[in-house]
Amino acid sequence: MPTRMPVSETGLNPLLLRADRDGVATLTLNRPEARNALSLPLLEALRDAFAAMAEDGSVRAVVLAAAGPAFCAGHDLKEMTGYRREADRGAKQFEELFALCSGVMMAIPALPQPVIAAVEGVATAAGCQLVASCDLAVAGAQARFATPGVQIGLFCSTPMVALSRNLPRKAALRMLLTADMADAEEAQRLGLVNDVVEAGGALAAAQALAAGIAARSPDTVRIGKRAFYEQLEMPLAEAYAHAGRVMTENMLARAAEEGIGAFLSRKAR
């Protein structure tokens with residue numbers, strides 16, 4: 001049964017569900033009536049869940065899924081419109097909301113564990129950003145992706161950060177400028193998702209992928225994930241120098257010593 005997270009909007013239903021099995025933690029966005037829009041409380045719940053997992057050695061991989069027919073419709077526009085009643089027309093609250101959202105997105109690559117999105121239905125605006133921020137993504141065949149802010153006068157500037165780091169430049173700009181919806185196959189071709197499976201099968205496929213990762217040495221996965229993101233921001237020579245230092249660190253770890261020893265032993269037979 002899912003573990004109830006402590007945050008809710010009504011006092012009854014948790015906004016985020018968690019279920020752990022064999023080293024895989026599955027987080028489920030639980031605002032289906034709002035197409036899992038990223039309200040302030042939901043973002044706070046995600047922030048707290050990721051912070052807890054960063055310190056939880058029993059979690060070796062994370063799956064991020066959603067309840068209902070939509071993965072995530074982005075920010076909660078009704079909530080944001082309410083901010084305009086403030087004297088500053090919501091400027092302070094908008095700034096705090098976008099800072100929190102950016103912090104949640106940055107927490108994903110910073111986690112020691114790989115995070116895999118399981119996407120069914122639409123992932124739009126900040127929902128598309130959430131998929132792009134995950135380390136890996138599996139989409140059901142009916143999943144669709146878009147950054148449609150330009151249609152309502154609110155350019156998807158923060159989603160742009162994640163998209164531009166995952167998609168080819170012109171592909172990212174086309175999504176941002178046209179608001180065109182990309183189907184699952186197009187999202188896979190562009191590199192936004194890794195795998196496309198039959199509709200309704202994304203969660204099971206993502207959990208199977210996570211289980212395979214969870215079976216690996218957690219220290220090795222942690223070292224590799226951290227180094228992957230670190231070297232991306234470096235010039236080529238600096239990246240190789242950094243990667244060499246990381247491999248030296250990795251070679252001195254017990255998992256590498258035992259794994260290489262076992263491999264050589266099998267090969268010698």
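Does C134 count as buried or exposed, and at what relative accessibility? At 4%, C134 counts as buried, a word that here means under 20% relative accessible area, with exposed meaning over 50% and partly exposed in between (1.4 Å probe, protein chains only). C128 is buried too, with a relative accessible area of 0%.

Before we go on, a word on the model: it is predicted, so local features need pLDDT of at least 70 and side-chain atom pairs count only at pLDDT 80 or more, while totals for chains, interfaces and linings use all residues. Residues are numbered from 1 along each chain as its sequence is written, and side-chain values use heavy atoms, leaving out hydrogens and water.

Now back to the cysteines. A disulfide is a pair of cysteine sulfur atoms within 2.5 Å, and by this rule the count is zero. For C128, the closest cysteine sulfur is in C156, 8.3 Å away and therefore too far for a bond. For C134, the closest is in C72, at 11 Å, which is also too far.

Next, look for the largest pocket. A pocket is an open set of points on a 1 Å grid over the protein atoms alone, where a 1.4 Å probe fits, with protein on both sides within 12 Å along at least five of seven lines; lining residues have an atom within 4 Å of a point. The largest pocket is lined by 26 residues, and P109, S133, R165, N166 and Y229 lie nearest its centre.

In the second largest pocket, 23 residues form the lining, and H75, L77, A125, I152 and L154 are the closest to the centre.
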